[in-house]
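Hello,

Please have a look at it first, and then read on below.

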Amino acid sequence: MITSGLIIAIIASFHILPSHLATGAFWFNVYIEREAVRKNRPELFEFLKKFTLLILIFSFVIGSITGVGIWYSATVASPRGISGLIHNYVWGWATEWVFFILEIATIYVYYYTLGRIDKESHLKIGLTYALAAWISMIIITGILAFMLTTGKWSETGGFFDGFFNETYWPQLFVRTSMMFGIAGLYAVIVASRMKNDEVGKEIIKKASIWGIAGMVFGAIFSLWYLQKLPENAKEMAFYGGLPYLKTLLYVAGTSYVVVLLYFVFFGLIRPRYAGVVSGIIMLIVLFVGIGAGEGFREGVRRPFVISQYMYGNQLIGRDIPAKGIKNEVERYQEEGFIKNIYWAGGLNLEEPKDRIKAGRILTLYVCGNCHSLEVNGIIRPLPVLLSRLDPESPDDIADFMDALGDYPYMPPFPGNDEDKALIGEFLFTLPKGGM
Ligand code: HEC
């Protein structure tokens, strides 16, 4: 019922809030601590302690568990996709992890030395954390952006050619802005729980200004990002290819506006009204918005898992001479797919029963990453979609395979006439389902 992609999406969504909190929050922390030290205002330390503890628990427990979860689920769902990324970016990840370890070490030191060592040194520890966390974002953004736009990498195979690609800078600016917005919201929640009401209100106002700046700049940079999308992505998103992508953008836009208004009215104008409950509701709204935004980013990448290089079904779709990589789709179209995979080795393609089995293997391999086979499957159930096309024979379905690559969101069919016949025979046996 549930496809592997959906499992990654759920885990990854739960990773976004803690991870962006971890990167953004300390800039605000350091800013407040600087006020406390330079203007000699010890009453601000109550906030620092509470806020750091929240980051420590929320980001470093939930963030770490879900982070590892993404690796596990992505490796199961897309082993070749992950392998492709690792082959190109293992040193990127290694560098990120160095900064990640620095983050983990400094946040503990920061928390346990708060108020115990000299103030300037403590401030430096905070700044080290903030920088290390942001640098880890600078690195991971390159790898994430590479999956959407591969830059000159497809010609040269070079690390930095792929890293600094068309959507790298817009994405880095969007994420950097958003991290301030998210940090501002958590800070409002923490400050609304402070014993000293006056200080609490003051911090709520400051956090709201950070939040507003983050949301406004985030929106501006998002427009830049949308402009930099590849043509195929724009066609799917804006010219009717996949209407749900536009809906995701509206959801993201609406939630950003709601959170922005919250900052303005409950943060800036009436800080007395800001509270834990309304803050958490806003967090949920923001969570939905970010989830929609990330869903959009994943959605416009179709039909690829790594843009212009590897399709969603993990087959390589182009030659990259610089890396000695050959187009697999073309190869299978010439040589045949089912003949080339070991799963189907024991099948006798003269036997009707074995032909259906072979067709099923083909479907799972070639379509399974994006479609479920059950009528009541959650993700694009094939029985339902095929019934809409109303095929009258297995041949009709086999012919449809020629059109697959004409859809902007589907890869071309990687097989020869025999494969098309096999998949047609199998798909024709699926129940006609729920229109
Ligand atoms: C990279 C992901 C991906 C792969 C791989 C893929 N599809 Fe699709 N397919 C989609 C998307 C996205 C849609 C649009 C669904 C929608 O409109 O909700 C779609 C739609 C369809 C439709 C409906 C077309 C229409 O005109 O309404 C059919 C039928 C279909 N796919 C069959 C297949 C078959 C068979 C395979 C394997 C040979 C396959 N797809 C492989 C992503 C994919």
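Predicted model: local features only at pLDDT ≥ 70, side-chain atom pairs only at ≥ 80, totals over all residues.

In total, 20 residues surround the ligand, and the closest are Pro-303, Gly-312, Cys-367, Cys-370 and Leu-385. Sorted by class, the shell has 13 nonpolar residues, along with four polar and three charged ones.

Next, a pair of helices. Helix 13 (residues 352-366) packs with helix 16 (residues 417-428) at an angle of about 100 degrees, and their axes are 7 Å apart. Helix 13 and helix 16 are therefore roughly perpendicular to each other, since angles of 65 to 115 degrees count as such. On the helix 13 side, the residues that meet helix 16 include Arg-355, Ile-356 and Leu-362; on the helix 16 side, Asp-419, Leu-422 and Phe-426 are among them. By class, this contact has seven nonpolar, two polar and four charged residues.

Is Ala-237 buried or exposed? Ala-237 is buried, because 22 other C-beta atoms lie within 10 Å, and 20 or more are needed for that label. Leaving aside neighbours within four places in sequence, Ala-237 is in contact with Leu-245, Lys-246 and Val-300. Ala-237 and Phe-296 are 59 residues apart in sequence, while their C-alpha atoms are 8.5 Å apart in space.

Definitions and conventions: Residues numbered from 1 in each chain as written. Near = placed C-beta within 6 Å. Nonpolar A, V, L, I, M, F, W, Y, C, P; charged D, E, K, R; others polar. Axes fitted to C-alpha atoms, helices over the stretch in contact; angles between N-to-C directions. Helix = DSSP H or I, 4+ residues; strand = E, 2+ residues; numbered from the N terminus. Parallel < 35°, antiparallel > 145°, perpendicular 65-115°, else oblique. Contact = placed C-beta atoms within 7 Å. Buried ≥ 20, exposed ≤ 12 C-beta atoms within 10 Å, placed from the backbone.
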